[in-house]
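Subject: A structure for you to explore

Hi there,

Here is the structure I promised to pass on to you. Have a look around it first, and then read on for what turned up.

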Amino acid sequence: MKKRLLLLIVAVLATMSALAGCGSNTPADSNAANGTEQGGKTTEDVKSFNMVLRHIHIRDTAKKSLEILQQTVKKTESDVPGLTFVLDGVEDAVNRDVKLKAEMAAGTQPPVFSLFGGADTRNYSKAGRLLPLNDILKELGIADSFFDLREFTVDGQIYGLPESGYIEGFFYNKKLFEQAGAKVPTTWDELVSAMELLKAKGITPIAMGAGSGDGWVVNMLVNSMFVALGGPKLQEGFATGATKWTDPAVIETFKRIQMMVEKQYIDPNVLGLKFPQGQANFYTGKAAMLFDGSWAVNAISGESSTVKDDTGFFRFPDVGGPGDGYINGGWSNGYGFSATVKDQELTAVKAFIKNFYNQENQKRTLIETSQIPSMKGISDVQGANALIQTIGEAQGSAKGAFPAFDSLVQPKVKVTLEATMQQLLGGKIEPEKAAERMQKTQDEANAESK
Amino acid sequence: MNNIQRNHWAYAVFVVPAMLIYVTFYLVPLFQSLQYSLTQWNGINDPVFVGLDNFAKVLTDDSFWISFNNNMYFVLFSVFIQVPFIILISIIVSSVRRFLDFYKLTVFMPSILSTASIGVIWQFIYAPEAGLLNQLLRTIGLEHWTRIWLGDEATAMLAVLLTNSWQWTGFYIVLVLAAIFAIPKEMLEAGEMDGATGWKKAWLLTIPLIRPVIVVTLLLSITGAMKALDIILIMTKGGPFGSSEVMASYMYKQAYTLSDFGYANAIAVIISLFTALLALVFHYINVKTREATE
């Protein structure tokens with residue numbers, strides 16, 4: 001009897017473990033569930049295959065971008081017999097910082113995925129995970145069609161293609177400017193007097209939310225200011241040691257930010273607000289200016305905005321420095337492809353690039369999603385949002401563009417500048433000390449990267 | 001049944017699955033963490049062995065020590081403010097006759113909410129302009145008391161500590177209440193006849209009798225304080241300028257913002273060692289005080 005009981009227990013346990021194993025033995029299921037499989041052939045039809053496409057268009061504001069992607073996917077599926085794309089939408093920060101990073105470490109990245117230029121592309125290409133695209137671009141005849149592929153290029157090889165671009169500058173509320181009697185500034189002195197006039201009327205001159213983890217928000221303004229004062233070469237030299245954070249242009253920038261805080265030109269609640277809250281203070285008419293990237297157009301023209309028809313844009317005003325006339329802009333987010341794709345999958349990748357990166361989609365990017373195209377040659381902008389047209393003009397009239405400083409320095413330097421600028425906003429550090437700390441961090445980071 | 005105990009195969013059937021899970025999800029990661037803590041590794045390329053460099057770096061890293069101190073505040077706040085408050089409220093509620101279930105439910109409610117929701121709710125409460133707290137202060141004429149609670153170095157950590165206590169106090173109160181109700185009535189009645197009433201009864205009878213539950217509450221509060229991460233990430237992300245960082249959030253930042261997985265693993269090892277040490281000290285104090293009272 002006891003033996004039987006024992007046998008019964010063993011049998012039950014064996015059945016349970018066998019059943020538990022079943023869950024992960026069906027490739028089709030796991031493919032759909034975790035989205036990291038590289039696709040495979042089903043037994044019924046050897047020609048049909050799945051490919052995972054990881055994108056980041058999951059927000060309500062990105063509906064139009066998703067629509068463009070979905071249509072491209074459909075077209076590509078009809079071009080490549082047997083191909084089925086599995087769309088895998090993941091939140092951008094989660095994909096960039098956690099999911100894709102882990103997959104890259106293990107070598108299980110999906111065949112097509114959202115990719116950032118700069119350090120991400122450099123690291124992944126070094127590990128041999130990214131597909132070089134030079135030959136494909138030549139074959140498709142679009143090798144020279146992009147505005148700027150610098151952020152996706154490592155040692156002459158192109159590893160990614162930007163979906164759209166951005167520029168940064170001041171958005172301003174025309175009505176509030178009129179109320180205060182301020183005019184659109186073209187020089188630093190004019191900006192200061194505009195801020196003074198606005199403040200005198202009881203209007204917050206600059207909306208900003210740079211609290212919590214959003215120290216990068218103030219750095220957009222800081223970046224444009226030190227490049228204006230010191231020229232674009234200044235930031236290119238930090239990581240090589242050719243230039244220093246203790247440069248008079250950087251110290252002067254920190255002093256001007258300190259002045260803007262003390263005179264309350266920047267919202268005094270800046271450290272208690274996150275980026276979207278700062279943005280909302282502008283588009284609900286509570287503040288007169290917002291220093292932000294062109295991606296803000298969607299929020300400013302969105303349903304909750306009260307300033308849709310009263311918003312203008314101007315680039316960072318001239319300061320009398322070597323960087324006058326330059327604008328912060330770049331093309332840093334797009335798609336990358338796995339180095340492991342072969343045969344059919346490679347054909348699918350080529351078809352996807354051909355169908356996604358073309359004039360038609362780029363025009364739609366500008367008109368429907370209000371984003372700056374990544375490819376040249378869009379001349380007919382009829383139907384585009386008036387604000388994005390103004391931004392386009394600001395971009396067109398600039399002497400040139402410079403990339404955000406964080407694509408040129410080590411992540412540690414970026415994070416230290418965020419914390420240091422938060423301290424400056426909170427009145428906890430002097431400009432000279434801030435510059436010294438930045439240089440110390442830069443020296444450490446440079447020593448580590450050698 | 002004795003047969004099963006003597007049969008090695010039966011043992012294996014019961015023990016091996018649990019051992020496998022323990023080894024795979026506990027021991028292997030622990031040793032891997034130790035291994036990576038001795039390397040410089042960005043999470044993608046091959047790790048480079050650097051010996052004890054990461055541990056040496058910890059000693060001179062001011063930001064790490066700020067986060068270490070914040071963990072200490074967390075522990076001290078839990079032990080000396082939160083737990084006494086829990087005991088006080090439990091004793092008061094235990095003597096209430098009417099609406100007892102209502103009180104229990106009300107205090108327990110926050111602990112069934114997710115930390116994410118609680119973080120967001122309290123962010124609204126602490127918001128500079130529209131926040132409930134500042135509005136309340138303005139209404140009662142204490143305008144000069146208003147602060148940017150989560151954006152001010154002086155108040156950010158305290159604001160998070162209060163939110164964390166609000167979340168967990170109810171859970172512990174229900175735990176302590178159950179212990180109070182489990183004390184035999186005869187014991188309390190005998191004490192009352194000997195003259196122990198009111199606070200005397202609470203101090204001399206109730207608290208010593210629920211001591212085991214208080215010890216568990218303290219231990220859970222300490223380990224909870226050492227593990228704190230989610231609430232910091234949601235409410236302040238360690239800001240402003242790293243003043244509300246705790247060790248776990250600092251470790252997370254090193255790994256996922258700075259891609260310095262070697263250093264992050266070294267911090268993880270230090271957190272584990274420190275928590276073990278704290279638990280040992282707590283155990284020692286607990287044994288000593290029990291001996292002293294017995």
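Let's start with one residue: is A:Ile257 buried or exposed? Bear in mind that this is a predicted model. To decide, count the other C-beta atoms within 10 Å; 20 or more make a residue buried. A:Ile257 has 21 of them, so it is buried. You will find A:Ile257 in helix H11 of chain A, which runs over residues 248-262. If we set aside neighbours within four places in sequence, A:Ile257 is in contact with A:Val222 and A:Leu424. A:Val222 is 35 residues away from A:Ile257 along the chain, yet their C-alpha atoms are separated by 7.6 Å.

Next, the nonpolar cores. The largest one holds 114 residues, and the members that touch the most others are A:Phe171, A:Met289 and B:Met251. Helix H9 of chain A (residues 216-230) gives this core its largest share, 10 residues.

Helix H16 of chain A (residues 386-397) has 12 residues and reaches 17 Å from its first C-alpha to its last, close to the 16 Å expected at 1.5 Å a residue. Which residues of H16(A) are buried? They are A:Leu387, A:Ile388, A:Ile391, A:Ala394 and A:Gln395. These residues lie on the same side of H16(A), because they cover an arc of only 110 degrees around the axis. An α-helix has 3.6 residues a turn, so residues three or four places apart point the same way. The face of H16(A) turned away from the buried side carries the exposed residues A:Ala386, A:Glu393, A:Gly396 and A:Ser397. Among the elements of chain A that cover the buried residues of H16(A) are strand E6 (160-173), strand E10 (326-337) and helix H15 (359-369).

Zooming out, the domain assignment divides chain A into domain 1 (46-165 + 331-373) and domain 2 (168-330 + 390-449). How many residues does each of them bring to the contact? Domain 1 of chain A gives 12 residues and domain 2 of chain A gives 10 residues. On the domain 1 side, the residues divide into 3 nonpolar, 7 polar and 2 charged. The C-alpha centres of the two domains of chain A lie 31 Å apart.

The two chains touch as well: the contact takes 26 residues from chain B and 28 residues from chain A. On the chain B side, helix H1 (2-6) and helix H2 (8-36) are the elements that give two or more residues. By class, that side of chain B has 12 nonpolar, 11 polar and 3 charged residues.

Finally, chain B itself. Its secondary structure comes to 14 helices and 2 strands, and its C-alpha trace spans about 75 × 75 × 35 Å along its principal axes. Of its 294 residues, 31% count as buried. Among contacts in chain B between residues at least 6 apart in sequence, 68% join residues at least 24 apart.

Enjoy exploring!

Best wishes

Technical notes. Residues numbered from 1 in each chain as written. Chains lettered and ligands numbered in written order. Predicted model: local features only at pLDDT ≥ 70, side-chain atom pairs only at ≥ 80, totals over all residues. Core = buried A, V, L, I, M, F, W, Y, C linked by C-beta atoms within 7 Å. Buried ≥ 20, exposed ≤ 12 C-beta atoms within 10 Å, placed from the backbone. Helix = DSSP H or I, 4+ residues; strand = E, 2+ residues; numbered from the N terminus. Contact = placed C-beta atoms within 7 Å. Domains from an automatic or database assignment. Nonpolar A, V, L, I, M, F, W, Y, C, P; charged D, E, K, R; others polar. Expected span 1.5 Å × (residues − 1). Arc of directions from axis to C-beta.
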